[in-house]
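Biologist: Please take me through this one. I would like to know what each label rests on.

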Amino acid sequence: MEFLKDLLSQPAVIAGLVVLVGLIALKKPATQVITGTVKAMLGMVILSAGATLICNALANFSSLFESAFHMTGIVPSNEAGMGITLGKFGTIATFVFVFGLVLDIVLARFTKFKYIFLSSDHALYMACAITPFLMVAGLDTVPAIICGSLILGTILATFPAMVHEPMKKITGDNCSFAHFGTIGYWFSAKLGKLIGKGSESIEEINFPKALNFLSDSNVSVSLVMAIMFFLVTGFAPADAVAKLAGDQSPWVWAFFQALNFAAGIYVLVAGVNVLLEEITPAFRGFSDKLVPNSVPAYPFAVLFKGTSNALIAGFLVSMLGGIVAMGIQIACGLPVVLFASGIVFHFFCGGLAAIFGNVTGGRRGALVGPFIVGFIMTWTPIVTTSILGNAGLVEYATTFFSDADFNVVSIVLGLIAQAGPLPIYVISAVCILFPFVATAISKTKVPDPTIPEGAPEVGLISGERHDKK
């Protein structure tokens, strides 16, 4: 079982399996099947390498920020939350993860929720976020695996439906999104639609000729991050900086941290291009044979192409929202959620929320939505850590997952779990029945594939031209 968990928890393996099944279904030659499968896995590994560069640079920024301003408190971290769960409840979380992935395909086959969740790493994170609350409810191993699998499988199949429409408008392709900041992305898209009428896209900023170099996303990202690293390096104690910089000049080190961050985005996008070149045609074969009319829900990296202004703006305003929330927590004497420790959340979830807000509400949508998301999500870890700490799971008392969906789902489950096993059984039954009931009463049995007005003329993922409304 450990081997299976390790295998399926690798996003590259899931991408390779999709391509493998798709190309076999299309009856491609063995050489093409092997080549396509390996290249898809390679593309995922490349984009993961880019994500590692980004996360390492953000981790260094976080460390310097905390040293500069002498702050400690609740540390939101997906990796920390997963590590604790796998250490305490690894068997249950692993079974929930594997059976949840299987249930996603079953629901896609037999209900209107035709979404195939292609981010297995986030599926594992969600399994690890759900599992502790099943323990809080007092479930034994087998009931916990069954209930957790039903809840996870339903989430994997239904959450992409929330952002299917804006994803079609962003990409010009019939696809959705598989990244568990979904509630924040949905909120930003809806809010953008309400407040953004007439607001131009944030990607259409016209730089003065003297600043034309900023229109190159690699340059603009490098400079913004350099300014941020210089600021924290200047305020942080010399010994804290020296610990990270080693024998290098602190300012040279800070500058190259910014370049590493920008290089990470560049590498990540290159990996996306390699992956999509193989997975897009193969998915058609997978769709036609196993799950007719299925819709791929892609990992976060597919949105990093051509959205640099929104990404950076969303990152900054989400971080500002986190600072405001943290200031209120300090003033009120509440537990403090360190926004800097959750800076990876602000970059990915805040930046991506801006992309969704921008497509429906232009600049206003790109700025207001991520600020609110960053503000609210700096409060939710207080609730989740409190529930788990009070239930005796003290390992979670100062850290839990950072992203929006993990916290919202956990708060709902945590409140229910405090009443014992029965409410968990009920919510699990409701979860698995919901897709079938929704399908039975719905007039449409498959997601609408129509590309909306305002989408790119050519699909950013498929490279194909589509008819629009």
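Modeller: Helix α11 (residues 250–289) supplies the largest share of the nonpolar patch, 4 residues. Helices here are DSSP runs of H or I with at least four residues, strands are runs of E with at least two, and both are numbered from the N terminus. The model is predicted, so local features need pLDDT of at least 70 and side-chain atom pairs pLDDT 80 or more, while totals for chains, interfaces and linings use all residues. Residues are numbered from 1 along each chain as its sequence is written, and side-chain values use heavy atoms, without hydrogens and water.

Biologist: Which residues form the nonpolar patch, and what makes it a patch?

Modeller: The members are F230, W251, V252, F255 and F256, with about 460 Å² of accessible area together. Accessible areas come from the Shrake-Rupley method with a 1.4 Å probe, and for residues only the protein chains shown count as cover. Patch residues have over 30% relative accessible area and no salt bridge; nonpolar side chains (Val, Leu, Ile, Met, Phe, Trp, Tyr) are joined within 5 Å, like charges within 9 Å. A salt bridge is a side-chain nitrogen of Lys or Arg within 4 Å of a carboxyl oxygen of Asp or Glu.

Biologist: Why is F256 called partly exposed?

Modeller: Buried means under 20% relative accessible area and exposed over 50%, with partly exposed in between (1.4 Å probe, protein chains only). F256 has 44%, so F256 is partly exposed.

Biologist: What makes helix α7 mostly covered?

Modeller: In α7 (residues 164–171), 6 of the 8 residues are buried: H164, P166, M167, K168, I170 and T171. Their cover includes β2 (115–117), α6 (141–162) and α13 (343–377). After α7 comes G172, with a positive phi near 75°.

Biologist: Which residues have the most contacts inside the largest nonpolar core?

Modeller: They are F177, F300, L303, F304, F347 and F356, in a core of 74 residues. The most, 14 residues, comes from α13. A nonpolar core is a set of buried Ala, Val, Leu, Ile, Met, Phe, Trp, Tyr and Cys residues joined through side-chain atoms within 4.5 Å.

Biologist: What is F356 in contact with, leaving aside neighbours within four places in sequence?

Modeller: Contact means heavy atoms within 4.5 Å. On that rule F356 touches V163, P166, M167, I170, F177, Y185, A189 and L303. P166, M167 and I170 are among the buried residues of α7.
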